[in-house]
Amino acid sequence: MENQQLNQTDQLITSIAYYKTPVGVARIIAEDGFIASISIRDEEIEVVPTDDPLLLKTIQQLNEYFAGERKEFDLPIKQHGTLFQQEVWQQLLQIDYGTTITYGQQSRLMNNPLGIRAIASANGKNNLWIIVPCHRVIGADGSLTGYAGGLWRKKWLLEHEARIMGTGQTKLDF
């Protein structure tokens with residue numbers, strides 16, 4: 001189901017593709033040459049091939065991620081959000097593949113030690129699943145908390161990265 005739309009008021013060109021992953025079907029939205037959203041779906045959606053070059057590049061890089069061949073993404077991204085949310089999402093991009101930090105650590109890295117709840121809320125509004133790795137942020141006690149795609153997916157992604165890295169814990173209990 002690929003879709004291209006031209007909105008007459010803002011001339012926004014949108015393309016949509018659906019991509020089957022090991023943890024569900026991802027809906028990928030490109031807007032004006034940027035990946036704007038990647039979300040995971042629980043429902044079955046017909047996956048139809050796309051001919052949009054940016055969506056094809058995104059699907060290729062996601063395939064490489066799931067195959068354990070890609071640890072960083074090289075895609076033009078732009079998601080809608082406040083300046084604060086943009087700052088939080090930029091900080092998420094600094095978390096290395098296969099590692100985790102806590103919400104408290106993230107707030108300290110952002111020089112905002114009292115902003116844990118606001119930072120956690122901004123993490124939850126991240127629309128670029130996997131690309132902006134909010135799944136790498138965990139609770140202070142090591143628990144898996146707050147993941148829009150479901151905690152089982154967060155667990156799967158962290159275990160996948162740990163397996164590929166061959167370091168640390170490869171099975172998470174929660």
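Me: Arg 41 first. Is that residue buried, partly exposed or exposed?
Reply: In this predicted model, Arg 41 is partly exposed, with a relative accessible area of 22%.

Me: Which residue forms a salt bridge with Arg 41?
Reply: Glu 43 does, and the closest N and O atoms of the pair are 3.7 Å apart. Glu 43 counts as partly exposed too, at 44% relative accessibility.

Me: How many salt bridges does the structure hold?
Reply: Five. One of them joins the side chains of Arg 70 and Glu 64, at 2.7 Å from N to O.

Me: Are Arg 70 and Glu 64 buried or exposed?
Reply: Both are buried. For Arg 70 the relative accessible area is 18%.

Me: Where is Arg 70 in the chain?
Reply: Arg 70 is in the loop between helix H1 (53-66) and helix H2 (83-92).

Me: What else does the side chain of Arg 70 reach?
Reply: The backbone oxygen of Glu 72, at 2.7 Å. Setting aside neighbours within four places in sequence, the contacts of Arg 70 include Gln 61, Tyr 65 and Tyr 97.

Me: New topic. What does Glu 161 pair with in a salt bridge?
Reply: Arg 136, with the closest N and O atoms 2.9 Å apart. Glu 161 lies in helix H5 (residues 151-165), and Arg 136 in the loop between helix H4 (116-124) and strand S6 (137-138), so the pair ties together parts 25 residues apart in sequence.

Me: And is that pair buried or exposed?
Reply: Glu 161 and Arg 136 are both buried.

Me: Why can such side chains pair at all?
Reply: Because side chains of opposite charge can pair when their charged atoms come close.

Terms used: Residues are numbered from 1 along each chain as its sequence is written. This is a predicted model: local features need pLDDT of at least 70, side-chain atom pairs count only at pLDDT 80 or more; totals for chains, interfaces and linings use all residues. Side-chain values use heavy atoms; hydrogens and water are left out. Helices (H or I, at least four residues) and strands (E, at least two) are DSSP runs, numbered from the N terminus. Buried means under 20% relative accessible area, exposed over 50%, partly exposed in between (1.4 Å probe, protein chains only). A polar contact is a pair of N or O atoms within 3.5 Å; within protein, one must be able to donate a hydrogen and the other to accept it, and residues adjacent in sequence count only if both atoms are side-chain atoms. Contact means heavy atoms within 4.5 Å. A salt bridge is a side-chain nitrogen of Lys or Arg within 4 Å of a carboxyl oxygen of Asp or Glu.
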